[in-house]
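Here is a short briefing on backbone geometry, a sheet and selected side chains. Please keep the sequence and the model open while reading.

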Amino acid sequence: QTQSHLNESLNLVEDYIGLLYSEIVSKDKYGYKLAIEILEKLPNTKAVLYQLLRYFGFTEWDDIHDLLKAQSGKMVFSATHRLIKDREFLLLTELPSEKNNKVYKIEEGEEIVMLPIGTFAFEEVVEILDTGTHCVYVSKDTLKYPLTLRKWKEGDLFHPFGMKGKKKISDFFKDKKLSLPEKENCWLLCSEDKIVWIVNHRADARFAIKKPSDKILKITYSV
């Protein structure tokens, strides 16, 4: 009879977590987001965090609970995952993989380049039609090949299109309020040591179309 009551209690916990799940947890391409505001309103927050995160290898449950009041950027790690305080959310992601730090080279004349991070298309066009963060238009003659594609690093500078002067990429990310996983998964298309495009974010003004005689190269990125 005691075992039956314990099983019923366990079922009650599972039902409770099931009801809360959609209110607290959302999925994005980097992992899971847990809403801090809702977690803080619960009477048994630490127990709910345990039920939600128990399969991700965490052991420091007091530290995880303390993340709710911590400064943005603070993290707790397991062997395979990390939990990051990011403003109104706790972000759950896998630990970054070293393989994502590769540098890819793109040779002149390549039109379609399939890479593990996505596909780049290069097309010479006569006018600028399609606009958006997924593509960029550059003056073809300003490029020096091979182009390189790499992750950003501290100290990187670029000249944001539409602005005067240069800016640290870290400051650009801060202005856009990007999360740590978003920053870690940001790639730079470069010509020699100059940044051509923060992929899916902003072009560099040094490669912009400036004269009617400029050859226009459209570069498109898709996942």
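Asn200 lies in the loop between β14 (194-198) and β15 (202-203). Helices (H or I, at least four residues) and strands (E, at least two) are DSSP runs, numbered from the N terminus. Phi of Asn200 is near 70 degrees, a positive value in a residue that is not glycine. Asn200 is partly exposed, at a relative accessible area of 29%. On this scale, buried means under 20% relative accessible area, exposed over 50%, and partly exposed in between (1.4 Å probe, protein chains only).

This is a predicted model: local features need pLDDT of at least 70, side-chain atom pairs count only at pLDDT 80 or more, and totals for chains, interfaces and linings use all residues. Residues are numbered from 1 along each chain as its sequence is written, and side-chain values use heavy atoms, with hydrogens and water left out.

**Other backbone features**

- Most residues other than glycine have a negative phi, and most peptide bonds are trans.
- Lys177 has a positive phi of about 55 degrees, although it is not a glycine.
- Lys177 sits in the loop between α5 (169-176) and α6 (180-184).
- With 57% relative accessibility, Lys177 counts as exposed.
- The peptide bond from Tyr145 to Pro146 is cis, and its omega is near -5 degrees.
- Pro146 belongs to the loop between β9 (135-139) and β10 (147-151).

**The five-stranded sheet**

- Five strands make an open sheet in the order β1-β2-β5-β4-β3, with antiparallel pairing. Two strands pair if DSSP finds at least two bridges between them.
- β1 (25-28) and β3 (75-77) are the edge strands; each has a single partner strand, so one side of each has no neighbour in the sheet.
- On average, neighbouring strands of this sheet are turned by 20 degrees against each other, direction ignored. Axes are lines fitted to C-alpha atoms, for helices over the stretch in contact, and angles run from 0 to 180 degrees between N-to-C directions.
- β1 and β2 form a hairpin, with two residues between them.
- Four bridges join β1 to β2 (residues 31-35), and the two run antiparallel. Lys27 has Tyr32 of β2 as its bridge partner.
- β2 also pairs with β5 in the antiparallel sense, over five bridges. Here Lys33 has Leu91 of β5 as its bridge partner.
- Helix α3 (residues 45-53) lies across β1, β2, β4 (81-86) and β5 (89-94). The helix runs at about 165 degrees to β2.

**Thr93, in β5**

- Thr93 is found in strand β5 and is buried, at 5% relative accessible area.
- Beyond its neighbours within four places in sequence, Thr93 is in contact with Tyr30, His81, Arg82, Ile84 and Pro181. Contact means heavy atoms within 4.5 Å.
- The side chains of Thr93 and Arg82 are joined by a polar contact of 2.8 Å. A polar contact is a pair of N or O atoms within 3.5 Å; within protein, one must be able to donate a hydrogen and the other to accept it, and residues adjacent in sequence count only if both atoms are side-chain atoms.

**Lys85, in β4**

- Lys85 lies in strand β4 and is buried, with a relative accessible area of 7%.
- Its side chain reaches the backbone oxygen of Ala70 at 2.5 Å.
- Leaving aside neighbours within four places in sequence, Lys85 has contacts including Ile36, Leu67, Leu68, Ser72 and Leu90.
- Lys85 and Asp66 are 19 residues apart along the chain, and their C-alpha atoms are separated by 9.9 Å.
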